[in-house]
Amino acid sequence: MMVDTGAPSVVAERVRELCRQFKLPTLAAETVGRFRDAGHADALAILLEVMEQEAEDRRIRRVDRLRRASKLPAGKTWDTFEHDRAPIQLRQQLDRLGEGDFVDHGVNVLAFGMPGTGKTHAMCAIGHRLVESSRSVLFIPAYRLVQDMLAAKRDLELPRMLRKLDNFDLLVIDDLGYLPQGAEESEVLFTLIAERYERRSLGVTSNLVFSEWEKVFANPMATAAAIDRIVHHSVILEFDLPSYRTNAAQNRQTDNESDRQK
């Protein structure tokens, strides 16, 4: 192919880039040269406009598919999270995580706090931001994940389930430790943590600090091994905040009392 001289290099290169993105290698190799040789180099700009529209349409469709597959609660987004309630350090951590780079390095995100402090909302908000950047996320309560894994193990399908979960850039396990786990439950949960270690990111919300994780895993050795793997590459978010639900209830009560006094 001859050197491109009939169209601005930036247009020509973008056409080639989009062809490669669309997995059309022959078009990537031939389009610019064929247009130039036919004396239609100026038309490459129009072609590029159409290709950019196709790229955006594909992005929107992919984001829609990823959002449906993520099972993220629709209302717990970045915009609906009350960032002003969080301390400045926590807000800064969330802003960095919202950029999504942590999943490229298999970094885990661990959110600790009492019920109602916003840890699940924050983790879901990060998940929605990742989906918007075309990354794959799965949100699942811990009890449901464990039960699904136990059923898969019983049916000799656990390796297949683990491979399926491995397709997600971020796996959000909500309310880890909310229910006590037996030996079988602890085993499958540890298997998942070990499988994703240093390769895929986990997001975990829990109202149990690490010193209480023996309630999650069957014995001290398993507890220590799980904590070691999950903390090795991680960001820890501490939600030392009053309960949002309690505050909302108190505000409603105050409003009702004010209305009665009028």
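Here is a short chat about a predicted model of one protein chain.

Reader: Hi! What does the secondary structure of the chain come to?
Author: Hello! The chain has ten helices and five strands. Keep in mind that the model is predicted.

Reader: And how much of the chain is buried?
Author: Buried residues account for 42% of its 262 residues. As for the surface, the chain exposes about 15000 Å², and carbon and sulfur atoms supply 52% of that.

Reader: Which residues gather in the patch of positive charge?
Author: On the surface, Lys71, Arg144, Arg160, Arg163 and Lys164 form that patch.

Reader: Which helix gives the largest share of it?
Author: Helix 7, residues 158-165, contributes three residues, the largest share.

Reader: Let's take Lys164, in helix 7. Is Lys164 buried or exposed, and why?
Author: Lys164 has a relative accessible area of 59%, so it counts as exposed, the cut-off being over 50%.

Reader: New topic: where does Gly127 lie?
Author: Gly127 is part of helix 5, which covers residues 119-132.

Reader: Is Gly127 buried or exposed?
Author: Buried, because its relative accessible area is 0%, and buried means under 20%.

Reader: Which residues is Gly127 in contact with, leaving aside its neighbours within four places in sequence?
Author: Gly127 touches Leu72 and Val137. Also, its C-alpha atom is 9.3 Å from that of Arg67, although Gly127 and Arg67 are 60 residues apart along the chain.

Reader: What about contacts in the chain as a whole?
Author: Taking contacts between residues at least 6 apart in sequence, 82% join residues at least 24 apart.

Notes: Residues numbered from 1 in each chain as written. Predicted model: local features only at pLDDT ≥ 70, side-chain atom pairs only at ≥ 80, totals over all residues. Heavy atoms only, no water. Patch = residues over 30% accessible without salt bridge, like charges linked within 9 Å, V, L, I, M, F, W, Y side chains within 5 Å. Areas by Shrake-Rupley, 256 points an atom, 1.4 Å probe, with all protein chains shown as cover. Salt bridge = Lys/Arg side-chain N within 4 Å of Asp/Glu carboxyl O. Lys, Arg positive; Asp, Glu negative; His and termini not counted. Charge placed at Lys NZ, Arg CZ, Asp CG, Glu CD. Helix = DSSP H or I, 4+ residues; strand = E, 2+ residues; numbered from the N terminus. Buried < 20%, exposed > 50% of the residue type's maximum accessible area, 1.4 Å probe, protein only. Contact = heavy atoms within 4.5 Å.
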